[in-house]
Amino acid sequence: MIQSALLTMAFPSFPRIAVRILSALMLVTAAVHGNEMFGEDDPLQPSASDQTVAVGGTVILTCNVAASDNSSLQWSNTAQQTLYFGDKRALRDNRIQLYKSTPTELSISIADVQLSDEGEYTCSLFTMPVRTVRATVTVLGVPGKPVISGFEEQVQEGGSVTLTCSSTGSKPPATLRWYRGDQELQGRPNVVESNPDAPTYTVISELTLTVTREDNLQPIVCAVEHDSIPLGDMKRTEELLNVLYSPSVRIQPSSDLPREGEKFHLECVSDGNPDPVSFTWEKKDGDIPAALVKADGSALRFEALNKSDSGVYVCTAINDIGEEQTQYTLLVQDPTAMSTSSGVDHAVIGGVVAVIVFIILCMLIVLGRYLIRHKGTYLTHEAKGSDDAPDADTAIINAEGGQSGADDKKEYFI
């Protein structure tokens, strides 16, 4: 604008369009040759830095000079339209606001940045000639939440499934990663496609899995990584695998010591997808007596165990995928034998306790004898010399002090 005003004053007969063209040429020439005309130590040479911002974010452009000669600073956009001249707004765009204006600094903010805002911005100091500096604003396209396709409602154990993950809107292209729970999986290399209506990209990745029963209800995750997404805040989508598999079975007895005459049952515990629809019981080398033993779904119940119930029992669990069986060996114990065995166990415990008590008594006796012996020795030394005393007083004196000189203190009567 200043250039236009100056040129209009100098050449009033020039058409307005010519004035604008000359003004633009002055800015371009200054931008190209500005740093060549003025050295890096020039205090009036403006400086600015490149900025990177994600779509929808806010960027601050700052232009500084080391010294001021009262010339005005100006920011222009990629189309060389003036945004701010000093603290005066020049372009009616409410997204662009004055951030700071001093004689040595002009900072502006651009909110809700769009891809179209990307490019080179020019800061100019209107000295004669004009000094300029450029700052490049890079706008990152934010990738959309990944979408997973190819999931079937059900996949049978041992089969394979191919999943596709895609994310659109990234710039530069995003990176897609696959996870099973917390374990990263290796998919095919990402395919990058340009979007026809925007300078952004769509990224596609494929993953082929051979599934096992352990994969049932496991989350398969597709995550997108990009510079516009803060660390630790990846966009991700997950789907649960539904793996069909035949039952796995085991037999759980109601007691580890089945005894004759007692109630008892075997439980056929099974896991399958879908759940088992039926259970069958059979006894190897014999038939199950229907009158005394009842098959109740996954349980086989014995009303009163008999020695003849001993044997190998087989449970078979069946679902729509297949069947699986396991076996359990039942050995019915004699109650009297179990009591005798229990008595033997108690006898062993009692014997151990008796031995411990005997050892403690022996230790007490030895300790008592030791204490008595040392106490007797002390008393013997203490009373030494009192046995030969002529009277009680002398015995006490000899016992206390052990004075052997009592004979030297004899009295003689004439």
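**Cavity, strands, loops and ring pairs**

Trainee: How many cavities of 30 Å³ or more does the structure hold?
Mentor: This is a predicted model, in which local features need pLDDT of at least 70 and side-chain atom pairs pLDDT 80 or more, while totals for chains, interfaces and linings use all residues. Residues are numbered from 1 along each chain as its sequence is written, and side-chain values use heavy atoms, without hydrogens and water. A cavity is a set of points on a 1 Å grid over the protein atoms alone where a 1.4 Å probe fits but cannot get out. Of cavities of 30 Å³ or more, the structure holds one.

Trainee: What is the volume of the largest cavity?
Mentor: Grid points are joined across faces, edges and corners, and the volume is the space filled by probe spheres set on the points. For the largest cavity this gives about 40 Å³.

Trainee: Which residues line the largest cavity?
Mentor: A lining residue has an atom within 4 Å of a point. The lining divides into four nonpolar residues, one polar and one charged (nonpolar: Ala, Val, Leu, Ile, Met, Phe, Trp, Tyr, Cys and Pro; charged: Asp, Glu, Lys and Arg; polar: the others, Gly among them). The residues are Phe151, Glu152, Val155, Val161, Leu241 and Asn242.

Trainee: Which residue of strand 7 stands opposite leucine 61?
Mentor: Strands pair if DSSP finds at least two bridges between them. Strand 2 and strand 7 (residues 105–110) pair in the antiparallel sense over six bridges. Opposite leucine 61 stands isoleucine 108.

Trainee: Which residue of strand 16 is the bridge partner of threonine 162?
Mentor: Strand 12 (residues 160–170) and strand 16 run antiparallel and are joined by 10 bridges. In strand 16, the partner of threonine 162 is threonine 208.

Trainee: What is the bridge partner of threonine 316 in strand 25?
Mentor: Strand 24 and strand 25 run antiparallel, with eight bridges between them. In strand 25, threonine 316 has as its partner glutamine 325.

Trainee: Where is proline 274 found?
Mentor: The peptide bond from asparagine 273 to proline 274 is cis, with omega near 5°. Proline 274 is found in the loop between strand 20 and strand 21.

Trainee: Does leucine 217 count as buried or exposed?
Mentor: Leucine 217 is not a glycine, but has a positive phi of about 65°. Its place is in the loop between strand 16 (201–210) and strand 17 (219–225). Exposed means over 50% relative accessible area, with a 1.4 Å probe and protein chains only. At 56% relative accessibility, leucine 217 counts as exposed.

Trainee: How does glutamine 80 count by its relative accessibility, and what is the value?
Mentor: Glutamine 80 also has a positive phi, near 60°, and is a residue other than glycine. It is found in the loop between strand 3 (73–76) and strand 4 (82–85). Partly exposed covers the range between buried and exposed. Glutamine 80 counts as partly exposed, at 32%.

Trainee: How many aromatic pairs are in the whole structure?
Mentor: Rings of Phe, Tyr and Trp (its six-membered ring) pair if their centres lie within 6.5 Å; planes under 30 degrees apart are stacked, over 60 edge-to-face, the rest tilted. The search finds aromatic pairs to the number of three.

Trainee: What is the angle between the planes of phenylalanine 264 and phenylalanine 302?
Mentor: Both residues are buried. Their pair is tilted, with 5.9 Å centre to centre and a plane angle of 45°.

Trainee: What is the angle between the planes of phenylalanine 302 and tyrosine 313?
Mentor: Ring pairs link Phe264, Phe302 and Tyr313 into a cluster. The pair of phenylalanine 302 and tyrosine 313 is edge-to-face, 5.6 Å centre to centre, with planes at 90°.

Methods:
On a 1 Å grid over the protein atoms alone, a cavity is a set of points where a 1.4 Å probe fits but cannot get out, and a pocket is an open set with protein on both sides within 12 Å along at least five of seven lines; lining residues have an atom within 4 Å of a point. Helices (H or I, at least four residues) and strands (E, at least two) are DSSP runs, numbered from the N terminus. Buried means under 20% relative accessible area, exposed over 50%, partly exposed in between (1.4 Å probe, protein chains only).
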